[in-house]
Amino acid sequence: MAEKRRSSCNLSVKAHAFSVEALIGAEKRRKLGDDDTGVCCLDEWTEVLELPANGGEREKRVYDRAIDRGSEIECASDGSPESFDVVLESPRPDAQAQHTPPVTVTVPGEEMRVDLQGSDLWKRFHEIGTEMIITKAGRRMFPAMRVKISGLDPHRQYYIAMDIIPVDNKRYRYVYHSSKWMVAGNADSPVPPRVYIHPDSPASGETWMRQVISFDKLKLTNNELDDQGHIILHSMHKYQPRVHVIQKKRGEDLSPVRAVPQGDGTRTLSFPETAFTTVTAYQNQQITKLKIDRNPFAKGFRDSGRNR
């Protein structure tokens with residue numbers, strides 16, 4: 001009789017586990033949606049259930065669940081951050097949209113004009129709330145900053161450089177139930193200044209004006225001890241990229257570890273739609289989807305999602 005009761009209890013627990021697992025599976029599907037890309041990594045948790053009827057024996061049940069919504073969501077094509085780093089590298093300049101109307105910034109009192117290339121894509125990201133991944137090793141930006149400059153003196157030598165400055169002195173967090181970024185406190189202490197000098201610098205105005213100037217090789221990092229020349233930023237802060245056009249003076253070189261010199265000969269321009277929030281993993285699923293859809297290097301990521 002005792003053996004029959006123990007067997008009955010076991011069957012009841014298994015049936016219960018089956019129903020709980022089904023409920024959890026349904027909840028997971030509601031959270032992740034029906035997107036066939038299936039890009040968000042899952043981890044596992046183990047529930048330990050006491051069974052008084054069989055002398056305190058424990059039965060372990062393992063379920064898949066989405067990573068805690070309150071934490072940053074890491075996505076990867078094969079579940080590893082390394083593969084995600086490869087597939088979301090910024091594309092070559094000719095791989096991005098070439099037929100979009102540029103956003104133009106002119107310098108008052110001068111003929112110089114700077115056009116932001118691919119402005120429609122930047123605006124789409126800006127409407128959602130652009131996020132940029134930063135890692136210890138350094139991560140390229142997507143979209144990459146690309147500009148076309150006109151009105152330079154064709155015979156003068158210029159440096160073209162880019163830096164990224166804080167938008168404010170706040171730190172942010174992403175609130176999932178409202179899909180918004182909210183202020184979470186004061187900003188972290190300032191990081192060492194870094195300037196990315198375009199590798200073609202210095203060059204004549206004529207050289208700069210006949211090409212699209214791309215900053216696709218610039219990388220962002222959260223490693224304050226970085227010695228690779230990457231731009232150092234804090235996670236969960238808002239930043240604004242700036243483009244600098246700097247006349248080369250005799251015997252003077254621009255340094256990547258010092259702030260951009262100000263005054264005559266330096267022109268600094270920025271485009272509000274290129275502002276972004278730094279993250280170690282994408283928070284907004286719309287941003288993840290848009291990056292996958294528009295980044296040519298994410299082709300393997302998309303195919304992997306369909307196969308899943």
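Me: Where is His237 found in this structure?
Reply: In this predicted model, His237 lies in the loop between β15 (231-232) and β16 (238-247).

Me: Why is His237 called buried?
Reply: The relative accessible area of His237 is 4%. Buried means under 20%, and therefore His237 counts as buried.

Me: What makes the approach of the His237 side chain to the backbone nitrogen of Asp188 a polar contact?
Reply: The side chain of His237 reaches that nitrogen of Asp188 at 3.0 Å. A polar contact requires a pair of N or O atoms within 3.5 Å. The side chain of His237 also reaches the backbone oxygen of Ser235, at 2.8 Å.

Me: Which residues does His237 touch, not counting residues up to four places away in sequence?
Reply: His237 touches Lys170, Arg171, Ala187, Asp188, Phe276, Thr277 and Thr278.

Me: Why is helix α3 called roughly antiparallel to helix α5?
Reply: Helix α3 (residues 119-128) and helix α5 (residues 285-294) pack at an angle of about 165 degrees, and their axes are 10 Å apart. Angles over 145 degrees count as roughly antiparallel, so α3 is described in that way relative to α5. The crossing of these two helices is right-handed.

Me: Which residues make the contact between α3 and α5?
Reply: Helix α3 contributes Leu121, Arg124, Phe125 and Ile128. From α5 come Gln286, Ile287, Leu290, Lys291 and Arg294.

Me: How many residues of the contact of α3 with α5 are nonpolar, polar and charged?
Reply: The residues of this contact divide into 5 nonpolar, 1 polar and 3 charged. Leu, Ile and Phe count as nonpolar, while Lys and Arg count as charged.

Technical notes
Residues numbered from 1 in each chain as written. Predicted model: local features only at pLDDT ≥ 70, side-chain atom pairs only at ≥ 80, totals over all residues. Heavy atoms only, no water. Axes fitted to C-alpha atoms, helices over the stretch in contact; angles between N-to-C directions. Helix = DSSP H or I, 4+ residues; strand = E, 2+ residues; numbered from the N terminus. Parallel < 35°, antiparallel > 145°, perpendicular 65-115°, else oblique. Left-handed = near helix turned anticlockwise from the far one by under 90°. Contact = heavy atoms within 4.5 Å. Buried < 20%, exposed > 50% of the residue type's maximum accessible area, 1.4 Å probe, protein only. Polar contact = N/O pair within 3.5 Å; in protein donor to acceptor, adjacent residues only side chain to side chain.
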